[in-house]
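Keep the sequence at hand as you read.

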Amino acid sequence: MTSNPPDGQVPGASAAAVCKRPGCGNPLPAQDRGRTRQFCSTDCARRYHNDARIPAPAAAPPSADSPTDPLAVLEGVTRQAAVLARAAREQAASLDPARVRAQIAEAEAARRRAEAAAVTAQARAAEAAAETQALAEALETAREDVRAAQAATAAARAEAQDAAAALEQARSDAAGHIATARGEAAGQVSAAQSEAARAARARDDAIEAARRADAETVRARQAEADARAETDRARAGAARERDALREQHQAQLDAVAALTAAERARAERAEQLLEAERADRRHLTSALTTPAGGSSGNGNGNGTLPRAAAGKAGQP
């Protein structure tokens, strides 16, 4: 004959703790593994979360008989802020993707443990019923053992009920976590799509800017080539004008040199004529100053003109 552990605890389970909801004080159901429970039942968990989300009551409007107390209003606002801050922290912690995945995994594990506990409880209930029937048929006088078997059966049923409640809680928690995770995943997907659209627009803008820059570069290169060609044409024209001016100046210099040579030759001839005229005048002067019967005549007994005068008369 087998005996069930007292108080409905599984062998090797930790000591029972107290429910987290203020004012409850009921011990938590013992469990052999998995996440430690914080509430004794689903109703306590629901009431705890509802109390955490209930805002502080609004202050009554002031009246003429009862003036408003600023300290009381400040105290109410402070309590409401503390409740809202705690609820915000819990909601922010529950929205963490890693924590959501961990809670989903824990909920799945809790569901499996609850199913295993239900199967175990059913097996224990069947075993207790078989033992009870065997004891009733075999030992009519062993009523104490029958009472113990009935107590074990009741404990097994209570465990089965607790396991069913835990399974329902795990299912509801898992459904909530899955819905939250799906919402977050949908938000991340929409954000990623919008970011991809922005990246595509930025890429198109960059490509368009690159095309405009290429067009500007081509125009700048064409303008540079045109400027170089214009510079080459200007240089060629300046070279032609310089050569023409050089030839013109050279021709002018040659003409001036020719005129200078002609003037120099004319001056030399004039100087020669002047010297000849001076010589003739000196000769004539000497002839005129010589006496008439002198030997300076020409031998014919008649005076003759000087040769210089004759030569001068023959000149144009």
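What follows covers salt bridges and the exposure of their partners.

The model is predicted: local features need pLDDT of at least 70, side-chain atom pairs count only at pLDDT 80 or more, and totals for chains, interfaces and linings use all residues. Residues are numbered from 1 along each chain as its sequence is written, and side-chain values use heavy atoms, with hydrogens and water left out.

How many salt bridges does a search of the whole structure find? The search finds 11. A salt bridge here is a side-chain nitrogen of Lys or Arg within 4 Å of a carboxyl oxygen of Asp or Glu.

Take Arg219 and Glu216. Their closest N and O atoms are 2.1 Å apart, in a salt bridge. Both residues lie in helix 4 (residues 143-289), 3 residues apart, about one turn of the helix. Helices are DSSP runs of H or I with at least four residues, numbered from the N terminus. Arg219 is partly exposed at 47% relative accessibility, and Glu216 is partly exposed at 45%. Partly exposed lies between buried (under 20% relative accessible area) and exposed (over 50%), with a 1.4 Å probe and protein chains only.

Helix 4 also holds Arg278 and Glu275, 3 residues apart, about one turn of the helix. Their side chains form a salt bridge, 3.6 Å from N to O. Arg278 has 42% relative accessibility, so it counts as partly exposed. Glu275, at 38%, is partly exposed too.

Now turn to Asp204. Its salt-bridge partner is Arg203, with the closest N and O atoms 3.7 Å apart. Asp204 counts as partly exposed because its relative accessibility is 42%.

Terms used: Helices (H or I, at least four residues) and strands (E, at least two) are DSSP runs, numbered from the N terminus.
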